[in-house]
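Colleague: Could you walk me through this structure? I'd like to start with the overall picture and then turn to the rings.

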Amino acid sequence: MRGLHSFIICTLLVFLVLFSCKSMIQNEYSLVLDDDEIWVEQFDSTNLDTSRYNLNNIIFKENTSFIYSFKHFTKDNQRLSFKYIDSISDWKFVPYSNKKDGLFEKVSITVTKGLGQMSRGIPDYNQTVLSYSYLTHNDFAPYGSTSGVIENEKNVWMHPPRDKYFKILELNPFPYIKAPYKVGNTWTWLLSIGDFWSDPRWLAWNGLVENSYVYEIIEKSKLKTALGNLNCFVIQSKATSRLGETKLTSYFHKKFGFVRLDYQNIDGSRTILELVDVINLNTGSK
């Protein structure tokens, strides 16, 4: 019996080792620069796991929601919010008040499982998929959109929320940090932006706009947040185009990602997003 027991244990150990090795091989990847000079994971063509771009993530883990508060200030420093007009097809600016129903106060960014429908429209899609929704003070959250984030050892690059009012952020630098994570590191990026993103409430234009971005890690700073005092890298970035100039100062934490995003918009207004909660949807824990 002892011999049989030992045989069973040895067999199980061999199986576990082989399974672990197979999993490690499947999750192996190389890093390559895409057309935008952003480092992305490249997997073997036999790896068809729809979650392959999520498995190495430290920050953007599947079924995790990042909840941000947001504030909008006009160039005259008046705080505004926005609300839908009759339906979710249009919206308008309104004076901010924490006592009014229907005003949007928070953004929820959730890491979805796998690639979802993104791979149908873009067969070679190579990002972790994010779902964006918008919360009023009573947590009403109409669905927004999906987009993506790239997270690996070389860089973290993220689409900002870009629905309704947040379309204004398309002209700003995107949240982006690139290794080595040290003060003085600089990098650049380019993006062509169509007039789908134009809006007379901030700026209307026709045709394509070529945005040229410059980023720099300017300091390490301890930031007081709803999640505690966090040691962050501070990234200062600027975008220039024929339309003018926009800026973003972002605070990046290695565990929670971009915990504060302070935008200076094309019309002189400011948008400030601050991370207030991180929720594991599998367990409900924070």
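**Overview and aromatic pairs**

Modeller: Of the chain's 286 residues, 45% count as buried, meaning under 20% relative accessible area with a 1.4 Å probe, protein chains only. This is a predicted model, where local features need pLDDT of at least 70, side-chain atom pairs count only at pLDDT 80 or more, and totals for chains, interfaces and linings use all residues. Residues are numbered from 1 along each chain as its sequence is written, and side-chain values use heavy atoms, with hydrogens and water left out.

Colleague: Thanks! How many aromatic pairs are in the whole structure?

Modeller: A search finds 30 of them; rings of Phe, Tyr and Trp (its six-membered ring) pair if their centres lie within 6.5 Å, with planes under 30 degrees apart counted as stacked, over 60 as edge-to-face and the rest as tilted. Take Y165 and F166: their ring centres are 4.9 Å apart and the planes meet at 65°, so this pair is edge-to-face.

Colleague: Is Y165 buried or exposed?

Modeller: Buried, as Y165 has a relative accessible area of 1%. F166 is buried too, at 0%.

Colleague: Switching topic, which ring does the charged end of R79 sit over?

Modeller: That of Y96, 3.6 Å from the ring centre. The criterion is NZ of Lys or CZ of Arg within 6 Å of the ring centre and within 35 degrees of the ring normal. The charged end of K154 likewise sits over the ring of W39, 4.9 Å from its centre.

Key. Buried < 20%, exposed > 50% of the residue type's maximum accessible area, 1.4 Å probe, protein only.
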